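The following exercises are intended for a reader who meets this structure for the first time.

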Amino acid sequence: MKRIVVTGGAGFIGSHLCERLVKEGNEVVCVDNFFTGNKKNIRKLLDYDNFELIRHDVTKELYIETDQIYNLACPASPPHYQYNPIKTAKTSVMGAINMLGLAKRVHARILQSSTSEVYGDPKVHPQPESYRGHVNPIGIRSCYDEGKRMAETLFFDYHRQHNLDIKVIRIFNTYGPNMNPNDGRVVSNFIVQALKGEDLTVYGDGSQTRSFCFVEDLVEGMYRMMNSREGFTGPVNLGNPVEFTMLELAQKVIELTESRSRIVYRELPSDDPTQRKPVIDLAKQELGWEPRIMLEEGLKRTIRYFEQVI
């Protein structure tokens, strides 16, 4: 049994992680300022004696006793992190500093949820952890991309300077229940549009690719990374190495929802990556992890969720 802090715990991924940890009997403290998190995601956990909710912004120091910290706090979809880019950068950088400081004070192990966005618009495909990325430092996505890159820097500096017990994962496109219908991510956009009978909006010619990981698989990878062998820091890619074009995804969503929606094309947003696919050899080797839920099954579960909430 451990006392575990999850920052961003009321968010899409954080809520699934909290549920997993609570049901295993751990004492879980969910920390969220509800900038993008939603109390609905964790409402059923409030009945558990071993679950606690604290409304707190990680850009401020947090004083609490804990054995492990999962640092997930940060807006993660383009409309949300571009809404207040300065706040996004502060959350990544100051949030990392404050959570690392907490881990140092109480001698806790800490995991950073980084992102495939650290690779930017990659010139290497697929992307191994050794690839250093191709990122625009002054673009509209930079608040998120560079904020996460700086957070990784801070984690490794704390590890080298203070011997802090760190774990770093890089999350590739993840989807599933508890996604915000208005978060602007491609899976939620397509499903909501299809269920409402609206046109599905594909940007560019639809040939850009992503690799989609179901949230249940991701949480399993996060859990294994947090509890991996001492001294193994990562970073580790967590994502599904099966690649799909945006057009293929749109067609699959229309098929599964039995929608009469059409596909329409819009101009590609600035700095939108053309390819994104993880190399997961390290996760297989160190964590014994790889995704098990394929896209069609995951989409069916996600569609059922959205049918209830929109």
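Predicted model: local features only at pLDDT ≥ 70, side-chain atom pairs only at ≥ 80, totals over all residues.

**Exercise 1.** Determine how α1 and α6 are arranged relative to each other, and which residues make their contact.

*Solution.* Two packed helices are described by the angle between their axes and the distance between the axes. Here the axes of α1 and α6 come within 10 Å, with a crossing angle of roughly 65°. The crossing of these helices is right-handed. On the side of α1, the contact is made by Phe 12, Ile 13, His 16, Leu 17, Arg 20 and Leu 21; α6 contributes Val 215, Leu 218, Val 219, Glu 220, Met 222 and Tyr 223. Sorted by class, the contact has nine nonpolar, one polar and two charged residues.

**Exercise 2.** Is Tyr 223 buried, partly exposed or exposed? State also which residues Tyr 223 touches.

*Solution.* Tyr 223 is placed in helix α6. Its relative accessible area is 23%. Buried would require under 20% and exposed over 50%, so Tyr 223 is partly exposed. Leaving aside residues up to four places away in sequence, Tyr 223 touches Arg 20, Leu 21, Glu 24 and Tyr 70.

**Exercise 3.** Describe the second largest pocket by its volume and its lining.

*Solution.* The second largest pocket holds about 470 Å³ of space. Its lining consists of 22 residues, and His 16, Glu 19, Phe 214, Val 215 and Glu 216 lie nearest its centre. Two or more lining residues come from each of α1, α6 and α9. The largest share, six residues, belongs to α6. By class, the lining has six nonpolar, four polar and 12 charged residues.

How values were computed: Residues numbered from 1 in each chain as written. Heavy atoms only, no water. 1 Å grid on protein atoms, 1.4 Å probe; cavity = no way out; pocket = protein on both sides within 12 Å on 5 of 7 lines; lining within 4 Å. Points joined across faces, edges and corners; volume = space filled by probe spheres on them. Helix = DSSP H or I, 4+ residues; strand = E, 2+ residues; numbered from the N terminus. Nonpolar A, V, L, I, M, F, W, Y, C, P; charged D, E, K, R; others polar. Buried < 20%, exposed > 50% of the residue type's maximum accessible area, 1.4 Å probe, protein only. Contact = heavy atoms within 4.5 Å. Axes fitted to C-alpha atoms, helices over the stretch in contact; angles between N-to-C directions. Left-handed = near helix turned anticlockwise from the far one by under 90°.
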